[in-house]
Amino acid sequence: MLLALDIWFILEKVALIATIIGLSFFIAMYTTYAERKVAAWLQDRRGPNRAGPFGLFQPLADGGKLFFKEEIIPLTSNRFLFILGPALAMITALLTSSVIPWGASYVDGSINIPLQVADVDMGILIVFGIVSVGVYGIMIGGWSSNNKFSLLAAIRGASQMVSYELPMGLALIAVLLMTGSLKMSVIVSHQIEHGWHILYQPLGFIIFFVCALAECNRTPFDLPEAENELNFGYHQEYSSMKLGFYLFAEYINMFISSAVMATLYFGGYDIPFVNESTWGLSPLMFSLMSFAVLMAKVLFFLFVFIWIRWTIPRFRYDQLMNLGWKKLIPLSLVNMLLTAALTLWLNK
Amino acid sequence: MNVTPYIFWFLSVLALFSALMMVTSRNPVYSVLWLIGTFFAISGHYILLNAQFLAVVNIIVYAGAIMVLFLFVIMLMNLNRETEPQKNRWLKFIGALAGGCLLLVLVAALKDAELKSQQAMVGGGSIGLIKVLGKELFTRYVVPFEISSLLFLSAMIGAAVIGKKENSQTLNS
């Protein structure tokens, strides 16, 4: 019977969801710190170092500051949509974490607790669905501010996200051709058996990574926030924690897209070169270790995101569109056809 | 306790209410947002029928792509209550008449439909899962599938051609 759930199942899922959301916030908080520290390091500065040891409390201070800032809602703005915008951005950023397998299942006798909120048949497509809805957070916020700069930035951001979803999806199809399933858990177990997808899909990964940068509005594709053209971008009129929500949602998106890339191409929670299931670890240790391995991969990707931001200058808008439509889409189509042909040939 | 009927009624009310609000909203941006709400409610119905693929694709294609384009156009034209053109009263009357005729046809078509033997399976069935759906599409329904993909291709080429033509004209003039 559908939805005849028992109480333990609900408790288990609620605990998991709370942990993942808390973790997302924590990682997003400290990614802002890492961003400033890495930027300082690359530019031969010191970075934030006043609040706490090594400036470690800096994100807390920033968050507190945002909470206590005066909240300004422009008179000519559309009040309801103005508040809905950042809320949608945050909700969609947090929802994507629901289908990612965060570690190996905790199996102890008859108890089997998967470290994944929902292992549904659609798996990765759900991430795409939520990401495609995430455009509305930017568009609604930009439009309801009733400011030309915000509107232009919102339209830039939305068209960029819609354009880069296509090559991203095509790169994904090549992965799905190899695994034969959309389930995230199957994608990971396929990689544990047959080796990581990055070995078979290097081109696909590069396309996916470039698209992920564009989807997260990160440099070199951060045109919605190009301050020399559009002042402050789509969140120009926002202040206080509503601005904080937009900025935070961006970092959570970075975190989740790092997790998705690690899961799709870098074996998820798999430890490379060894077969950890033969080590005879206790189930709890085993789950925690696999989770730690995934986190290490995610942190590496986050570092690459930051590294790129402080290395590469911004694209021009026509260059961005040309790259998306005239280079990445044909490339990903070729990649898809090659993968399909090879899969067919090898399976015969 | 089975919550499926409650979810069904909730989603149905949500879908109908959003659709009504979409039609009656004065502000076109609100209309688009209510229509997105309707799509989400319909996707919920698909999930109740275990048609997961259809549900997700409905959101990706309709809510995530097509409605974004709608919103683009409406936001750029900056339509709002003050600038809304007043429609002819006769036009409204004829529109209502045409809509009523469509309703009549739908009701007449559904009146004789065999509802008892055609009841949908709720929560079960694997026809909506991607493996089964793909197999059906590429074996039994492969010809209609390919024809519809050709239609899409021609529509895309047509859009590109129209877009190019206008561009060269503005450059010449």
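How far is the sulfur of A:Cys216 from the closest cysteine sulfur? The sulfur of A:Cys216 lies 11 Å from that of A:Cys211, which is too far for a bond. A disulfide is a covalent bond between the sulfur atoms of two cysteines. The criterion applied here is a pair of cysteine sulfur atoms within 2.5 Å. By this rule, 0 disulfides are found over all chains. A:Cys211 is accordingly in no disulfide, its nearest cysteine sulfur being that of A:Cys216 at 11 Å.

The model is predicted; local features need pLDDT of at least 70, side-chain atom pairs count only at pLDDT 80 or more, and totals for chains, interfaces and linings use all residues. Residues are numbered from 1 along each chain as its sequence is written, chains are lettered from A and ligands numbered from 1 in the order in which they are written, and side-chain values use heavy atoms, with hydrogens and water left out.

The interface of chain A and chain B was examined next. Chain A contributes 27 residues to the contact and chain B contributes 29 residues, with contact defined as heavy atoms within 4.5 Å. About 2400 Å² is buried between chain A and chain B. Carbon and sulfur atoms give 77% of that area. Buried area is the accessible area (1.4 Å probe) that two parts lose on being put together, summed over both. Salt bridges between chain A and chain B number 0; the rule asks for a side-chain nitrogen of Lys or Arg within 4 Å of a carboxyl oxygen of Asp or Glu. Polar contacts across this interface link 3 residue pairs, both residues at pLDDT 80 or more. A polar contact is a pair of N or O atoms within 3.5 Å; within protein, one must be able to donate a hydrogen and the other to accept it, and residues adjacent in sequence count only if both atoms are side-chain atoms.

On the side of chain A that touches chain B, two or more residues come from each of α3 (79–95), α4 (124–144) and α5 (148–179) of chain A. Helices (H or I, at least four residues) and strands (E, at least two) are DSSP runs, numbered from the N terminus. The most is given by α4(A), with 11 residues. This side of chain A divides into 21 nonpolar, 5 polar and 1 charged residues.

Two further positions in chain A were inspected. A:Gln201 sits in the loop between α7 (197–200) and α8 (202–215) of chain A. A:Gln201 is buried, at 2% relative accessible area. Its side chain makes a polar contact with the side chain of A:Asn335 at 3.1 Å. Leaving aside neighbours within four places in sequence, A:Gln201 is in contact with residues including A:Ala174, A:Met178 and A:Tyr265. A:Ile20 belongs to helix α1 (residues 7–42) of chain A. A:Ile20 is buried, with 6% relative accessibility. Beyond four places in sequence, A:Ile20 touches A:Ser97, A:Trp102 and A:Val117. The C-alpha atoms of A:Ile20 and A:Leu94 are separated by 9.0 Å, with the two residues 74 apart along the chain.

Chain B holds 6 helices and 0 strands. Of its 173 residues, 23% count as buried. Among contacts in chain B with a separation of 6 or more, 61% join residues 24 or more positions apart.

Key. Ala, Val, Leu, Ile, Met, Phe, Trp, Tyr, Cys and Pro count as nonpolar, Asp, Glu, Lys and Arg as charged, and the others, Gly among them, as polar. Buried means under 20% relative accessible area, exposed over 50%, partly exposed in between (1.4 Å probe, protein chains only).
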